[in-house]
Amino acid sequence: MMKSLIQKVRSRVNEIPTHAWLLGLLVATLIERLVGDAVAGSLGLGIIPRLFGVRYILTKPLLIPSMMAYLLVIYLIPISIVAWFSAPLIKKLPSRLSTPIFLLLLYGALHIWGGLDEYRLLVLQFILISILLTASLNLTNGYMGEFSCASGGFMAVGAYVTSVLTVWGFVNDDVFGPPALPPAIGPFMFPIALIIGGIVTALTALLVAIPSFRTRGDYLAIISLAYTFIIKSFLENLELVGGPRGFMHMPKWANLPVVFLWTLAGLWVMHNYVSSLLGKGAPGVRDDELAAEVMTVDTRRVKVITFMLSAFWTGVAGGLFAHVMGYINPATFGIMKTAEIMAMLYMGGLNSITGSIVGAVLLKFLMEALRPLQVAKWIFIPVIIIFFMIRRPWGLVSFREFGILRKEVKRAPASD
């Protein structure tokens, strides 16, 4: 009886489109903005839980019942009611309006949820940047089947090039002097600076691609790792940008809407690339490079273009990161940053943009939730990642994509 009831509920939940859940989330965030403080105070929480109350499990376990009641009243009940009653109307939406409405609902929910607290806003910005970083690495390590360790170095190049352009052009700085251009036009020129940073990063990627893709094997991993160390060492010895002290005074132009739009643009471009005739050669290189060459695929051209596109978007993500923080340091872009991006990729899933999103969101959220453990969190996080790798060696969402209407649109079996 209970099993039958559970199956009916699950069936009903699966019938509700994603748009309806997002509408419910949007309503829930509005409710939290209006009465969140009052509800939190009445339950003895004091303030609105920042990350859905996850930290109470580690810091204030006695408040867990109050936190659960808060989530039930503010989130679970409103989301369920709105999603349930709005589903029939949303299913009647014209297909041409599906994607714009989805994006508007998603951004609206993120904007309201993040606007209640600066910490939440910063977490959202970092999650979006992490999604862009993970998806770009997925082009090389997932779709193409190579193993690159250059994400930290690419991110550093993009961050420093973009930062130098914006500080030189629009900031009164101690090193570069008065701004070369009117500061008022700075926010409008910021996208151009990001693109230049991405292009420079892609050009430096040729230093890795040209020697690496002449042969087959693990050479890319070795050369890309050396590239990351060389870039980090070069920046530490370049006094023009602060050397090991770091570089600062970047205007914080990478606000939530800017980061959201750039992440969306990056995912759209990368998805279109892997769906194109040229991009479909990347999985051929991964599965059997010799067979791909026999089928007239220019494997070296596919490798270089895919690798450069990955580097471009990693550089853009680095520029966004620099203008969220307002300060960068060479130590930020070392091997630990590369390892963090790889963990997101392999947790989420290879050969899948959806997997990149899932991995970045899960790991970033986990890192923030375990922050009260301080250094000890670096014991728990690797253990969790190892567990995922054992249970799901290809990641949670690998070799498949899901459409925004909760319908699977593409699947390819993972090879043994």
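Modeller: The lining of the largest cavity divides into 7 nonpolar, 1 polar and 3 charged residues. Bear in mind that this is a predicted model. Two helices, α6 (118-143) and α14 (335-348), each supply at least two of the lining residues. The volume of the largest cavity is about 70 Å³. The count of cavities of 30 Å³ or more comes to 3.

Now the open space. Rolling a probe the size of a water molecule over the atoms shows where empty space is left. The second largest pocket has a volume of about 520 Å³. Of its 22 lining residues, Glu-340, Lys-364, Met-367, Lys-377 and Trp-378 are the closest to its centre. The lining of the second largest pocket divides into 16 nonpolar, no polar and 6 charged residues.

Next, the helix packing. Two packed helices are described by the angle between their axes and the distance between the axes. Take helix α8 (residues 186-212) and helix α9 (residues 219-236). Their axes come within 9 Å and cross at roughly 150 degrees. α8 and α9 are therefore roughly antiparallel to each other. The crossing of α8 past α9 is right-handed. From α8, Thr-204, Val-208, Pro-211 and Ser-212 take part in the contact. From α9, they meet Tyr-219, Leu-220, Ile-223, Ser-224 and Tyr-227. The residues of this contact divide into 6 nonpolar, 3 polar and no charged.

A second pair is helix α5 (residues 95-115) with helix α10 (residues 256-275). Here the axes come within 11 Å and cross at roughly 145 degrees. α5 also passes α10 in a right-handed crossing. On the α5 side, the contact is made by Leu-103, Leu-106, Tyr-107, Leu-110 and His-111. On the α10 side are Leu-256, Pro-257, Phe-260 and Leu-264. The contact of α5 with α10 divides into 8 nonpolar, 1 polar and no charged residues.

Technical notes. Residues are numbered from 1 along each chain as its sequence is written. This is a predicted model: local features need pLDDT of at least 70, side-chain atom pairs count only at pLDDT 80 or more; totals for chains, interfaces and linings use all residues. Side-chain values use heavy atoms; hydrogens and water are left out. Axes are lines fitted to C-alpha atoms, for helices over the stretch in contact, and angles run from 0 to 180 degrees between N-to-C directions. Helices (H or I, at least four residues) and strands (E, at least two) are DSSP runs, numbered from the N terminus. Angles under 35 degrees count as roughly parallel, over 145 as roughly antiparallel, 65 to 115 as roughly perpendicular and the rest as oblique. A crossing is left-handed if the near helix is turned anticlockwise from the far one by less than a right angle, and right-handed if clockwise. Contact means heavy atoms within 4.5 Å. Ala, Val, Leu, Ile, Met, Phe, Trp, Tyr, Cys and Pro count as nonpolar, Asp, Glu, Lys and Arg as charged, and the others, Gly among them, as polar. On a 1 Å grid over the protein atoms alone, a cavity is a set of points where a 1.4 Å probe fits but cannot get out, and a pocket is an open set with protein on both sides within 12 Å along at least five of seven lines; lining residues have an atom within 4 Å of a point. Grid points are joined across faces, edges and corners, and a volume is the space filled by probe spheres set on the points.
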